[in-house]
Amino acid sequence: MIGDMNELLLKSVEVLPPLPDTVSKLRKYVSEANSNIETMKVAEIISSDPLMTAKLLQLANSPYYGFTREITTINQVITLLGVGNIINIVMADSIRDNFKIDVSPYGLNTQNFLKTCNEEATFIANWLNDEDKKLSHLLVPCAMLLRLGIVIFSNFLIQNHKDKDFLAFLNKSENLALAENEFLGVDHISFLGFLLHRWNFDDVLIESICFVRTPHAAREKVKKSAYALAITDHLFAPHDGSSPFNAKAAVALLKEAKTQGINFDLNNLLSKLPSKAKENLNKED
């Protein structure tokens, strides 16, 4: 059954919603321009889509980026965040808007799930803006999509009438990733890495996702971003985020990163932890 499910899942990727025309035009221009990208041309492509323009300005003025003054033009956004980050943000936001969200196959309340996803992206921005703004800008789009695999898996399970079977299987398992691998042939984080590659996202983002479970094994260029996502993953895990075990694991990952030559400010992380994680740090697992 698992082999059949995996094959059906791969086939379902072929019919995922296409990216909006504006995103396709933007990707095409950047690909053809190589290193000769012109800010004005990027602004022109984005400005041709009023809805995307409004959303990008809204995101730029959100707590994700923490700018001290209001951002009022697309040119300002591009100058402050860079073309690469703009493309990632536009694609991430477009992808999120393209999917119907019902995560009941995971035994999760959909509204609570969406709230946690937003908190996840806000956390990584608040945490990293104070010590590595460049990394924060890179990872916000990734954090926005970190649980997209769960959304796609849920839709797939519902459409194939396997949602109740999966939930029963999940309830008997002690580990979400293990349950996904055994039932579907892949876990939602690894599947996201596959999707980001398919959609031609930034290579650093793709690799950071792929090494969330093993950040120590990532190459030097992406090791810090992989550790940051791994810490965030523990704190906002779908069923037991910020549990005593996960809160301690997040702090342990930060300390492990230091042995790999990656320095995060421990006090900064502790001050930005979700309240539940702060409460659970000193509790028994």
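Phe166 and Phe183 are both buried, where buried denotes a relative accessible area under 20%, exposed one over 50% and partly exposed the range in between, for a 1.4 Å probe and protein chains only. The structure is a predicted model in which local features need pLDDT of at least 70 and side-chain atom pairs count only at pLDDT 80 or more, while totals for chains, interfaces and linings use all residues. Residues are numbered from 1 along each chain as its sequence is written, and side-chain values use heavy atoms, with hydrogens and water left out.

Rings of Phe, Tyr and Trp (its six-membered ring) are paired if their centres lie within 6.5 Å, and planes under 30 degrees apart count as stacked, over 60 as edge-to-face and the rest as tilted. Phe166 and Phe183 form an edge-to-face pair, 5.4 Å centre to centre and with 70 degrees between the planes. This pair links distant parts of the chain, as Phe166 belongs to helix 10 (residues 163–172) and Phe183, 17 residues apart from it, to helix 11 (residues 176–184). Helices are DSSP runs (H or I, at least four residues), numbered from the N terminus. Ring pairs also join Tyr106, Phe166, Phe169 and Phe183 into a cluster.

Helix 5 (residues 74–81) packs with helix 6 (residues 83–97) at an angle of about 115 degrees, the axes being 6 Å apart. Helix 5 is therefore roughly perpendicular to helix 6, a term covering angles of 65 to 115 degrees. Axes are lines fitted to C-alpha atoms over the stretch in contact, and angles run from 0 to 180 degrees between N-to-C directions. Helix 5 contributes Val77, Ile78 and Leu81 to the contact, and helix 6 contributes Val83, Asn85, Ile86 and Ile89; contact means heavy atoms within 4.5 Å.

Most residues other than glycine have a negative phi.

Asn263 is placed in the loop between helix 15 (244–259) and helix 16 (266–272). Apart from neighbours within four places in sequence, Asn263 contacts Glu131, Lys224 and Lys258.

Methods:
Helices (H or I, at least four residues) and strands (E, at least two) are DSSP runs, numbered from the N terminus. Angles under 35 degrees count as roughly parallel, over 145 as roughly antiparallel, 65 to 115 as roughly perpendicular and the rest as oblique.
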